Amino acid sequence: MKEVELSQNPLSYMDSVKKITTSGLMISSGLGGGTANMEYMTLTGLPVSNFSPTIATPYTQVVPNSNQTLTINNYFKKSTAIHPYRGSFYSREVVYKKFGFQKFMYLGSKYKIKYKMKIGTNPYLSDETAYQNTLDVINSYKNGQFINLVTMQNHLPYSDYYDNSEDYQVSGDMDDGEKYNISNYSTGLSYTDKAVQKFIEQIDEINKPITLVFYGDHLPGIYSNIDGNSLEARETDYFIYSNKYARQNGAKNLKHVKYVSPIDFIALTAEQTNSKVSPYYALLTEIQKELPTIKVYAYNNGKNPVFVDKKGKTIRYKQLTKKQKRLYNDLKLVQYDLTAGNQYLYKTKFFKIQ
């Protein structure tokens, strides 16, 4: 953020990974909250901006009432959700079951969170611990599986948890309280950076193909000098990393894709891993390639959607080409059928991998 300067970079390793992998910036639908909406879009490929403005959280307002919900994990024989915190937020216990996850590991669940390390006085389990639990799940099953991990370490509040928080000095036009929050948050990010490095080194040693989609759900709501609806306030880092075994067996990193929506992760991952796709995922691939990125925080019932081009410039629906409009409207029809309509598409081969 141009309003904030740090004395050092807390994400130096991840920045180095981003230079050699499919990577860029994800446009979040929220600032300071709304994690479940990014999850919903990532797992389904459906943008929340197409819903009525009264639908603030599909996890609690759409999914529980649907007869069936198609998600990426449905294409795997085994799938596990991991959240090293409580399982009740955003109705995740109900939602993950509806999504077809066989296991949901959270604090207090029958599937135990084995590792529970914290850093300093941070009340949340560390990201390193989250990755250790994930590694156990990876190693517990030899065949293909899908894992959805939601970490907790860098959730608010941002108190003086760490002994080395003074390593990240903050400068800018803000008061001392805001600098304090940003400094502590940045220190937490530095621990995440080290945990991600260790995790990637570990999956590189495993002799089966593993592809990691890493994304930040949203920035924390601790910045006073930014417009909450600006593109800057809605940008988070993402990268898609295929381990050594996957790269040796056909996975190829794509070029830098500067802006993506959460709905693009399925298409980008399928392309990187050279996977066969269903007609639905072929549509998502066309949308990712042909359309400017959908600006998912424009809650406008899909009537006047907003997009972002490669230069970060806002594009309106009326500025799209005829082909782009057709692709976008096809996605709206699919989303209507799956969430509010009669789900006719399930009676076709639209979701089948041929």
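Helix 8 (residues 265-272) is mostly tucked away, with seven of its eight residues buried. Here buried means under 20% relative accessible area, exposed means over 50%, and partly exposed is in between, using a 1.4 Å probe and protein chains only. Helices are DSSP runs of H or I with at least four residues, strands are runs of E with at least two, and both are numbered from the N terminus. Before going on: this is a predicted model, where local features need pLDDT of at least 70 and side-chain atom pairs count only at pLDDT 80 or more, while totals for chains, interfaces and linings use all residues. Residues are numbered from 1 along each chain as its sequence is written, and side-chain values use heavy atoms, with hydrogens and water left out.

The buried set in helix 8 is Phe265, Ile266, Ala267, Leu268, Thr269, Ala270 and Gln272. These residues pack against several elements, including helix 2, strand 8 (235-242) and helix 9 (279-290); contact means heavy atoms within 4.5 Å. Just past helix 8, asparagine 274 has a positive phi of about 55°.

Now hop over to helix 2 (residues 35-44), which holds threonine 44. Threonine 44 has a relative accessible area of 2%, so it counts as buried. Leaving out residues up to four places away in sequence, threonine 44 touches Thr69, Leu70, Thr71, Phe99, Ile266 and Tyr280. A polar atom of the threonine 44 side chain also sits 3.1 Å from the backbone nitrogen of leucine 46.

Tyr280 turns up again where helix 9 meets helix 10 (residues 322-339). The two helices pack at an angle of about 140°, with axes 10 Å apart. Axes are lines fitted to C-alpha atoms, for helices over the stretch in contact, and angles run from 0 to 180 degrees between N-to-C directions. Angles under 35 degrees count as roughly parallel, over 145 as roughly antiparallel, 65 to 115 as roughly perpendicular and the rest as oblique, so helix 9 and helix 10 are oblique to each other. On the helix 9 side, the contact includes Tyr280, Leu283 and Ile287, and on the helix 10 side Lys323, Leu327 and Val334 are among the residues involved.

Lysine 77 is exposed, because its relative accessibility is 76%. Not counting residues up to four places away in sequence, lysine 77 touches Gln102 and Tyr141.

Terms used: Polar contact = N/O pair within 3.5 Å; in protein donor to acceptor, adjacent residues only side chain to side chain.
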